[in-house]
Amino acid sequence: MKDNYAIRAGGAAGTGARAKGAAARGPGRRRGDPPRGARLDAIRRIVTEHPVASQERLTELLRHEGFPVTQATLSRDLKRLGIGKAPTADGRYTYLPSEAEVKPGTDGTYIQDFKRGFLAVEFSGPFGLMRTLPGHASSVASALDHLHVQEVLGTIAGDDTVLVVPRDGVTPTRLLRALRARIPDFAGGHA
């Protein structure tokens with residue numbers, strides 16, 4: 001196996017302690033770098049818990065957590081994890097884990113289901129009417145029910161609309177605030 005020095009220099013793989021140390025670390029890793037598995041776990045967690053719209057922002061968040069990474073390495077990691085961009089309700093894009101990466105029955109699954117189908121919300125009195133992509137109302141309603149947003153009493157789903165029934169005394173403003181706190185990058189509507 002060639003070490004980094006030999007590859008950059010264009011020569012054959014070196015022998016001795018330097019070559020053995022580089023081989024043990026793996027290609028492209030420097031002494032003291034965190035293992036790739038820990039970095040991949042951090043990427044999964046970050047894109048599940050936070051809205052991340054660009055590789056630059058993801059690189060910044062990873063560095064903040066002690067994972068220095070180049071753009072090329074991050075691109076390979078995202079491809080390896082099956083993480084891609086998906087549209088948000090406000091027309092922007094954010095990274096989301098692939099469906100295979102999100103474990104069924106977890107908050108990450110429900111947040112992903114919600115984001116995948118949600119388009120907009122309007123209010124009539126205290127009741128919210130969510131518009132979804134055709135055929136996504138059931139998954140959006142189920143996500144709201146399973147995320148246990150305390151301000152939501154229940155939901156009723158059609159094909160592309162969800163009626164959100166708030167608990168007694170919950171205003172549209174308070175409901176939107178609760179949804180924003182529970183669902184990363186939820187822009188929602190105006191109360």
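User: Which residues touch the most other members in the largest nonpolar core?

Analyst: Of the 23 residues in that core, Phe114, Met130, Leu179, Ile183 and Phe186 touch the most other members; a nonpolar core here is a set of buried Ala, Val, Leu, Ile, Met, Phe, Trp, Tyr and Cys residues joined through side-chain atoms within 4.5 Å. The model is predicted, with local features needing pLDDT of at least 70 and side-chain atom pairs counting only at pLDDT 80 or more, whereas totals for chains, interfaces and linings use all residues. Residues are numbered from 1 along each chain as its sequence is written, and side-chain values use heavy atoms, with hydrogens and water left out.

User: What makes the meeting of Glu151 and Arg174 a salt bridge?

Analyst: The term requires a side-chain nitrogen of Lys or Arg within 4 Å of a carboxyl oxygen of Asp or Glu. The side chains of Glu151 and Arg174 come to 3.8 Å, N to O, so the pair meets that cut-off. Glu151 lies in the loop between H7 and strand E5 (152-157) and Arg174 in helix H8, so the pair ties together parts that are 23 residues apart in sequence.

User: Why is Glu151 called buried, and why does Arg174 count as partly exposed?

Analyst: Buried means under 20% relative accessible area, exposed over 50%, and partly exposed in between, using a 1.4 Å probe and protein chains only. Glu151 has a relative accessible area of 15% and is therefore buried, while Arg174, at 38%, falls in between and so counts as partly exposed.

User: How do you know that Arg45 and Glu65 form a salt bridge, and where do they lie?

Analyst: Their side chains meet at 2.3 Å, N to O, which is within the 4 Å limit. The pair links distant parts of the chain, with Arg45 in helix H3 and Glu65 in the loop between helix H4 (55-64) and helix H5 (71-81), 20 residues apart. Arg45 is partly exposed, with a relative accessible area of 32%, and Glu65 is likewise partly exposed, at 34%.

User: What are the closest N and O atoms of Arg44 and Asp41 apart, and where do both residues lie?

Analyst: The closest N and O atoms are 2.6 Å apart, and the two residues form a salt bridge. Both lie in helix H3 (residues 36-49), three residues apart, about one turn of the helix.

Key. Helix = DSSP H or I, 4+ residues; strand = E, 2+ residues; numbered from the N terminus.
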